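This briefing goes through one protein model, topic by topic. Please keep the structure in view while reading.

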Amino acid sequence: MTSSAESLPQTRHLATAIPGPVSAALHRKREDQVSSGFGVALPVFINRASGGVLEDVDGNRIIDFASGIAVTSVGAANARVQAQVAAQMDRFTHTCFMVTEYDSFTQVAGWLNEHTPGDFPKRTALFSTGAEAVENAVKIARAATGRERVLVFDDAYHGRSLLTMAMTAKVNPYKKNFGPFPGEVFRAPTATRLWAAGREETTAATALAGVEALLLENDPTSFAAMVVEPIQGEGGFLVPAPGFLAGLRELATRHGIVLVMDEIQTGMGRTGTLFASEHEGVAGDLTLTAKALAGGLPLSAVTGRAELMNAPQTGGLGGTYAGNPVACAAALGVFEAFEDGKLLANALTIEATAREVLEPLVDSTAIVAEFRGRGAMLAVEFADKDTLEPRADLAAQVAAACHRQGVLVLVCGTHGNVIRLLPPLVTGPELVRDGLDVLRSAIVAANDAQKNTAGATALSAV
């Protein structure tokens, strides 16, 4: 039997302006009912979703380059996920794993123990959200080491809870007005190409020297955990310079610090490998997963060295919804979807197509400072070519132009000047290219407008 989502055409279609009248009416109702603290990238209401397409209530079919912020990597209506969830719903929805047990929790833990990087015995703890995974990783590291301090990095994003806000770098909107925050969180430099003004060969060494200096200034034996994203997500899809993650691994090992790889956005195939840290050949002592782990249902995990994971006292880890059986069933469906290797291969195909379409804009425009990323986790950064001054206005302008044409892209970056691309890994080549062509045209139009403005300014000065 074919579901309505499975029959959704995998093509872009504009039935109305975006947002359409039905979405606009629903959005007005939302404003009367929902806290204004929730933002929205594109104010349309979705009726169906499948593959790489979102269909809104006005009949517009929108190319999805967001995946619910890297969540629906196997598609928003994956048949394997749906079958596993339906079967579990038929049995029961909840018992609380800390009260009575169910095997899907153990199966998910077993898969993660086998597949996360690191050739050592592992154990896994399941939770509900990415922020929960981060906080529990800190708890585990503190229990295992007897230390308190946590080291994080410039441009990091780790969540919206009180501790993870302290660990997150970006103030507005994530931290503004929400302090004071927990102490014992220290921030070290990171290593990206633009950060070093193009001197990639010195970036890792310079940043690592800064990390070590910070540790030595604050007593390295007081640090329980070093938490890093192998590609920084909200910070701007920043890919570390070669050798940076390996250098962090060496520092953590030397000083007895637990290295935590936050793979919440990068994991589950997003970068063309199951985990982004595989690209660097570096394994964390703890690896964090969430987002795409359960195909749209809330599930997160901390997986790591058995001796670390077993350090907390019995009852010290948990949560009412931690490893909910329906979410665990969804994760088993996600694991099935990765078995044949096609999703990982398609992530690399998406990257190759995007590089072909977008990378030339670095040289052919005055507004694209860098195209970067791995697999289906890609970004375009807008900045002044000479000064590297961030241009958040251009990122917003290009994103709005894409939205009007039925292509959903997201803006990110510490300075709000980066457009990030997170298409579902099931997106077909024609749909990918159509969406990229829309984005490319929007960038070219913005660049031309900048040239015209500059020309008019020069003429008026004569």
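The model is a predicted one.

**Thr365 and its surroundings**

- Thr365 has a relative accessible area of 7%, and because buried means under 20%, Thr365 is buried.
- A polar atom of the Thr365 side chain lies 2.7 Å from the backbone oxygen of Leu361.
- The side chain of Thr365 also reaches the backbone nitrogen of Val368, at 3.2 Å.
- When neighbours within four places in sequence are left aside, Thr365 is in contact with Lys385 and Asn447.

**Helix α11**

- Helix α11 covers residues 342-358, which is 17 residues.
- At 1.5 Å a residue, α11 should span 24 Å, and its end C-alpha atoms are 24 Å apart, so the two values agree.
- The expected span is 1.5 Å times one less than the number of residues.
- Buried residues of α11 include Leu343, Leu344, Asn346, Ala347, Ile350 and Glu351.
- Thr353, Ala354, Val357 and Leu358 are also among the buried residues of α11.
- In general, an α-helix has 3.6 residues a turn, so residues three or four places apart point the same way.

**The seven-stranded sheet**

- Seven strands form an open sheet in the order β4-β10-β9-β8-β7-β5-β6, and the pairing is mixed.
- The edge strands are β4 (122-127) and β6 (185-188), each of which pairs on one side only.
- On average, neighbouring strands of this sheet are turned by 20° against each other, direction ignored.
- Helix α4 (residues 103-115) packs on the sheet and touches β4, β9 and β10.
- The direction of α4 makes about 130° with that of β4.
- In general, the strands of a sheet pair through backbone hydrogen bonds, either parallel or antiparallel.
- Strand β9 (residues 286-289) pairs with strand β10 (residues 300-305) in the antiparallel sense, over four bridges.
- Thr287 has Thr303 in β10 as its bridge partner.

**Cis peptide bonds**

- The peptide bond from Ile18 to Pro19 is cis, with omega near 0°.
- Pro19 is in the segment before α1 (21-33).
- Gly179 and Pro180 are joined by a cis peptide bond, with omega about 5°.
- Pro180 belongs to the loop between α6 (162-167) and β6.

**Positive phi angles**

- Ser67 is not a glycine, yet its phi is positive, at about 55°.
- Ser67 is in helix α2 (residues 67-70), and at 0% relative accessibility Ser67 counts as buried.
- Glu184, not a glycine either, has a positive phi of about 65°.
- Glu184 is in the loop between α6 and β6, and at 33% relative accessibility Glu184 counts as partly exposed.

**Cysteines**

- In general, a disulfide is a covalent bond between the sulfur atoms of two cysteines.
- A search of the whole structure finds zero disulfides.
- For Cys328, the nearest cysteine sulfur is that of Cys96, 12 Å away.
- A disulfide needs two cysteine sulfur atoms within 2.5 Å, so Cys328 is in no disulfide.
- Cys328 counts as buried, at 0% relative accessibility.
- Cys412 is in no disulfide either, and the nearest cysteine sulfur, that of Cys402, is 14 Å away.
- Cys412 counts as buried, at 1% relative accessibility.

Methods
Residues numbered from 1 in each chain as written. Predicted model: local features only at pLDDT ≥ 70, side-chain atom pairs only at ≥ 80, totals over all residues. Heavy atoms only, no water. Helix = DSSP H or I, 4+ residues; strand = E, 2+ residues; numbered from the N terminus. Buried < 20%, exposed > 50% of the residue type's maximum accessible area, 1.4 Å probe, protein only. Polar contact = N/O pair within 3.5 Å; in protein donor to acceptor, adjacent residues only side chain to side chain. Contact = heavy atoms within 4.5 Å. Pairing = 2+ DSSP bridges. Axes fitted to C-alpha atoms, helices over the stretch in contact; angles between N-to-C directions.
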